[in-house]
Amino acid sequence: MCGIVAYIGYRQAYPVIIKGLKRLEYRGYDSAGVALLNHGIKLYKKKGKVAALEEITIGKDLDGSIGIGHTRWATHGEPSDRNAHPHLSANGKLAMIHNGIIENYAALRHELIKKGYVFHSDTDTEVLLNFIEDIQKNNESTLEEALRIALKRIVGAYVIVLIDKDDPDTLIAARKGSPLVIGIGKGEHFLASDASPIIEYTKEVVYVNDYQIAIIKADELILKNLGNERQTPFIQKLDLELAAIEKGGYDHFMLKEIYEQPHTIYDCLRGRLDVSEGTITMSGIQNNIDLIKNANRILIIACGTSWHAGLIAEYVIEELCRIPVEVEYASEFRYRNPVVHKGDMIIAISQSGETADTLVAIERAKEQGAVILGIVNVVGSSIARISHAGAYTHAGPEIGVASTKAFTAQLTVLAMVALKIAKERETITNERYLHLINELNEVPEKVKQILDGADYIKDIAAKYKDVPNALYLGRGYNFPVALEGALKLKEISYIHAEGYPAAEMKHGPIALVDENLPVIFVATKDTYHEKIVSNIQEIKARKGKVIAVITEGDETIKGMADDIMPIPEADELIAPILSVIPLQLLSYYIGIAKEYDVDKPRNLAKSVTVE
Ligand code: F6R
C-alpha cells in the first residue's frame, strides 16, 4: 500500500524517482507526487497514475539531486491532487511521504487545530508532519530529535521519509510496520518500499527495522533506535535481476507471471525435491522438525489468495499428517481472543511478507508461545524475518496485482512441507510418499502443457465477458480453487463472482441459477467426481451454463458442459496446482476483453501494509 522512493547523491533525483515509482505502482496508483530539494522545495503532485504526474512536470524545474516520491493507495481522504503525497508542513520547510496509517491522527489533528494549524488535505500524513514541525518549533530541536519525540507518541504503522529545506544534504526516514529498503551506492543512497527501484543502481541494501530512524547523506548512512543509540546497518546482497521485474515481451505482468509458472514451480522444487533419492530437503523445516512434527495443532494464517492456499494445505496436511489444522483469516485472528497453546504451530502464508494483518496476527501468536513457520515469497520481508522457521516460495517478484504464480508456488511448498512432516510422523506409506513426490516433480511439465494449448480460453472469455455474475463450484481439494477462481474474476474483470463448495449449492446459491448464469465447475477426476457430476446435472436441469475444468479425456463431463477447460491427469492432492491455471487465464482474458487494466485493477494494491 503506497510506494515510496527517495534519492540522495550526485544524479538528478527526478528521473530516478519517477522510474522507481513506476516500478512500485503495483502498491497503489490513485495519485502520485514528487518533492525535490534544491534552493527550496519544489513540489509536484497529481491524481492518477505516475504517467499523469510526469505529464504535469513537462517543462517544469526538475533540477535537484535530493528528492522524495510517492504513489498512493488512499486511506485517509479520496484520491485527489491535494491528498497526494508529498505533503508540506505549515511553515513550508519540511516535505514528507508516508506509507501506513496513523491511528491516533484525529486526536493529534484536533490538538494542532487548537494551536492554529490549518490543514490542506484530509490525510493522516499531513497531521503527522505538522506534529513533527510543532515539536521542532516548541523544543527548538533538530528535526531528528523532533521526529524521535513524535514517533513515541503516534500509534499506527509507517514508513516516512522527510526532507528539510534548512538541511539540504540530508534525508531522514523511519519505519514501523511498513517496509523500507535502503540501497547503498558510491556517494549516493536510494530508498524504496521494495528493492525493485534500486537494483539497477546497486545490489547492496539495508532493510530498515521497526523503530529505527535513518539519517542519510550522499555518502553516509546512520541508523539509530528511538532511544538515540546508533545501530550498525546490516548490509545484504540483493539476489534479484532487472529482467525479473520487466514485462519481457508480454503485454501485461499478469500474463507474464501466469506463463512463468512452469519455471517458478520448478524453481520452487529445485534443490529440494530429489525423485531418485526419494527425499525432500528443506533446511528451515528440517532444523525445527521436532517442534513441527510434534505440533498438537496447526493454525494457518493468511489473507486473500494466500488464505486459499492455506485452505488447500489444510486438506493436504490433515490427510497426510493427521494433525488437526485450522485456517484463519489474519484480520479476524488478530482481533479476537484466539486460544493458542504452546505446542501449536502457526503457518503464515504471504506472497509479500508484509501484509499488515498477517504480520500482527503472527506477532500475537508468537507472544502466546506458538512456533511460526513462514511460507513467504519476498526474501527478507517482515514476515520472513519474524518467523522461527520457514521456506521461501522462490516465485520471483510478482508485480501483477492479482496473485497467480505466487499461489501455485505456495501450493508447491505446502505440499512438500506436508510430505516432509508426514514422512517424519510415519503417517504416510512409502509407496504413497514416492508417488506424490513423482507427481510433484511432473507439475512444471503439466503446467507447460496447459499453457501451450490455452489459446481457446480467449474464445470462452469472449463468450462470457458481459455476464454480471458467475458462480464457481468445487469439492474437496478443488473447493478452495473455486474460491480462488472467483476472486481472480472479481479482481480483474469486476464481475461479481462467488465460490462455493459444490454441495452447498442446494442450500441457497442454486436460487441464482437460470439460463444467464455461468457456473464454473472445478471438476477434475478425484474422489468426488461422481458427486460433482450430479451437481453439474442439477445446474443443467435449471438451464445454467456450465464451464468445467476437467481432467483430459473425461467424456462424461465433456458431454454435459457448455465449455470445457481440460488439464492433464494428476493426483487429487496435487491437482489444484494445475486446475487453477485455466481459471487465471479465463479471468485475464475476460479483463482484457473488457479493456481493463489487468495489472492494476481499480481500488486494489499489491502489498496490503495497512489493516
Ligand atoms: C489476490 C491477492 C490478495 C493477496 C492478499 C495477501 O489476487 O493478491 O488477495 O493474496 O492481499 O497478500 P500476501 O500474500 O502478500 O500476504
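**Helix packing and loop residues in the predicted model**

The axes of helix 7 (residues 261–269) and helix 15 (residues 430–452) cross at roughly 175° and come within 8 Å of each other. Because an angle over 145 degrees counts as roughly antiparallel, helix 7 is described as roughly antiparallel to helix 15. On the side of helix 7, the contact is formed by Gln-261, Pro-262, Ile-265, Tyr-266 and Leu-269. Helix 15 contributes Leu-440, Asn-441, Val-443, Pro-444, Val-447, Lys-448 and Leu-451. By class, the residues of this contact between helix 7 and helix 15 comprise 9 nonpolar, 2 polar and 1 charged. The structure is a predicted model, and the values reported here were computed from it.

The residues in contact are Ile-457, Lys-458, Ile-460 and Ala-461 from helix 16, together with Pro-582, Leu-585, Leu-586, Tyr-589 and Ile-590 from helix 20. This contact of helix 16 with helix 20 holds 8 nonpolar residues, no polar residues and 1 charged residue.

Helix 3 presents Tyr-105, Leu-108, Arg-109, Glu-111 and Leu-112 to Asp-124, Val-127, Asn-130, Phe-131 and Asp-134 of helix 4. In this contact of helix 3 with helix 4, 5 residues are nonpolar, 1 is polar and 4 are charged.

These helices belong to a protein chain that has 20 helices and 27 strands. The radius of gyration of the chain is 25 Å, close to the 25 Å that the globule rule gives for 611 residues, so the chain is as compact as a globular protein of that length. Along the principal axes, the C-alpha atoms fill a box of roughly 80 × 55 × 45 Å. Of the 611 residues in the chain, 61% are buried. Among contacts between residues at least 6 apart in sequence, 71% join residues at least 24 apart.

Several loop residues were examined individually. Asn-83 lies in the loop between strand 4 (66–72) and strand 5 (87–88). With a relative accessible area of 0%, Asn-83 is buried, since buried means under 20%. When residues up to four places away in sequence are not counted, Asn-83 touches Arg-72, Gly-77, Glu-78, Ser-121, Asp-122 and Thr-123. The C-alpha atoms of Asn-83 and Leu-578 are 43 Å apart in space, and the two residues are 495 residues apart in sequence. The loop between strand 4 and strand 5 also holds Pro-86. The peptide bond from His-85 to Pro-86 is cis, with omega near 0°. Most peptide bonds are trans.

The loop between strand 13 (220–225) and strand 14 (230–231) contains Gly-227, and Asn-228 is placed in this loop as well. Gly-227 counts as exposed, at 54% relative accessibility, while Asn-228 is partly exposed, with a relative accessible area of 37%. Gly-227 and Gly-48 are 179 residues apart in sequence, and their C-alpha atoms are 39 Å apart. Phi of Asn-228 is near 70°, a positive value in a residue other than glycine.

A positive phi was also found at Glu-426, with a value near 60°. Glu-426 occupies the loop between helix 14 (405–425) and helix 15. The relative accessible area of Glu-426 is 70%, and the residue is therefore classed as exposed. Most residues other than glycine have a negative phi.

Key. Residues numbered from 1 in each chain as written. Predicted model: local features only at pLDDT ≥ 70, side-chain atom pairs only at ≥ 80, totals over all residues. Heavy atoms only, no water. Contact = heavy atoms within 4.5 Å. Helix = DSSP H or I, 4+ residues; strand = E, 2+ residues; numbered from the N terminus. Nonpolar A, V, L, I, M, F, W, Y, C, P; charged D, E, K, R; others polar. Rg over C-alpha atoms; globule rule 2.2 N^0.38 Å. Buried < 20%, exposed > 50% of the residue type's maximum accessible area, 1.4 Å probe, protein only. Axes fitted to C-alpha atoms, helices over the stretch in contact; angles between N-to-C directions. Parallel < 35°, antiparallel > 145°, perpendicular 65-115°, else oblique.
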